[in-house]
Amino acid sequence: MGTPLPSRAEQTEEVVERLWEEYPDATISLNFSNRLELLVAVMLSAQCTDERVNKETEDLFEKYQSAEDYAEADVEELSEDIGSITYHNSKADYLKTSGQIIVDEHDGEVPDTMEELTELKGVGRKTANVILQHGYDLVEGIVVDTHVQRLSRRLGITEEERPEAIEEDLLPVVPEDEWKWYTHLLISHGRAVCTARNPDCSECVLADICPSAKGDSDVDLASGEAWDA
Ligand code: SF4
């Protein structure tokens with residue numbers, strides 16, 4: 001029976017512990033070898049799979065190696081260079097404009113504060129958090145992507161709906177030293193087992209504590225709708 005632990009903090013702790021056992025190597029799946037590459041990869045990954053981004057950045061990172069390279073790029077050529085990425089026209093514009101800001105205001109280095117990062121074009125709080133966590137080892141929050149949003153709701157850890165509200169709700173219940181890893185653990189589980197359309201509850205290590213577990217619950221708490229709807 002999917003019965004969550006009595007408090008959200010206990011539920012979260014148990015989820016994190018079990019997922020670490022399942023995914024001991026959980027981490028960011030984008031390829032990068034420096035902060036600029038990290039920034040570019042994360043910007044490209046919005047609404048696009050990490051797999052596709054990794055494929056496209058193999059050549060891109062050879063061709064564009066500095067913020068100046070992006071700042072001086074021909075935006076149409078840059079758009080073609082990332083042609084397989086979702087919204088490549090807008091993203092080419094973001095890359096060029098952000099390259100210009102980095103050159104003009106940050107001596108060509110990717111900035112290291114939330115405020116400065118979110119001033120770059122196409123960089124919101126989520127992207128900035130990823131850069132801070134994986135580029136600078138500065139953990140100021142929890143990255144809430146679509147997997148974190150879905151699983152946190154399914155598991156009864158939050159009832160909030162919007163990513164910003166979910167992050168605020170999670171901060172007090174996820175232990176601070178797990179803020180960075182909570183994201184990657186839930187992404188790993190969201191990809192492997194607890195997929196959006198057809199989660200494999202019968203194979204899930206969290207089924208006994210998950211209030212959405214199929215068979216026990218008629219309702220997917222992520223959507224609030226019946227599983228078969
Ligand atoms: S796979 Fe099923 S049991 Fe496991 S977390 Fe997702 S909804 Fe819950």
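Helices here are DSSP runs of H or I with at least four residues, numbered from the N terminus. In this predicted model, helix H8 is followed by Asp137, whose phi is positive, near 55°.

- H8 is mostly covered, with ten of its eleven residues buried.
- The buried residues of H8 are Lys126, Thr127, Ala128, Asn129, Val130, Ile131, Leu132, Gln133, His134 and Gly135.
- Packing against these buried residues of H8 involves H2, helix H7 (114–117), helix H10 (163–170) and H11.

**His134 within H8**

- His134 lies in helix H8.
- Because 20 or more other C-beta atoms within 10 Å make a residue buried, His134 counts as buried with its 21 C-beta neighbours inside 10 Å.
- When neighbours within four places in sequence are left aside, His134 is in contact with Ile28 and Leu38.
- Tyr70 stands 64 residues from His134 in sequence, and the two are 21 Å apart in space, C-alpha to C-alpha.

**Helix H11**

- Helix H11 spans residues 179–192 and has 14 residues.
- From its first C-alpha to its last, H11 reaches 21 Å, close to the 20 Å expected at 1.5 Å a residue.
- H11 is mostly covered, since eleven of its 14 residues are buried.
- Buried in H11 are Lys180, Trp181, Tyr182, Thr183, His184, Leu185, Leu186, Ile187, Ser188, His189 and Gly190.
- The cover over the buried residues of H11 includes helix H1 (8–22), helix H8 (125–135) and helix H9 (146–154).

**Crossing of H2 and H6**

- Two packed helices are described by the angle between their axes and the distance between the axes.
- The axes of helix H2 (residues 35–44) and helix H6 (residues 88–106) come within 10 Å and cross at roughly 155°.
- Angles over 145 degrees count as roughly antiparallel, so H2 is roughly antiparallel to H6.
- The crossing in which H2 passes H6 is right-handed.
- On the H2 side the contact is made by Val40, Met43 and Leu44, and on the H6 side by Lys91, Tyr94 and Leu95.
- Sorted by class, the residues in the contact of H2 with H6 are five nonpolar, no polar and one charged.

Terms used:
Residues numbered from 1 in each chain as written. Predicted model: local features only at pLDDT ≥ 70, side-chain atom pairs only at ≥ 80, totals over all residues. Axes fitted to C-alpha atoms, helices over the stretch in contact; angles between N-to-C directions. Helix = DSSP H or I, 4+ residues; strand = E, 2+ residues; numbered from the N terminus. Parallel < 35°, antiparallel > 145°, perpendicular 65-115°, else oblique. Left-handed = near helix turned anticlockwise from the far one by under 90°. Contact = placed C-beta atoms within 7 Å. Nonpolar A, V, L, I, M, F, W, Y, C, P; charged D, E, K, R; others polar. Expected span 1.5 Å × (residues − 1). Buried ≥ 20, exposed ≤ 12 C-beta atoms within 10 Å, placed from the backbone.
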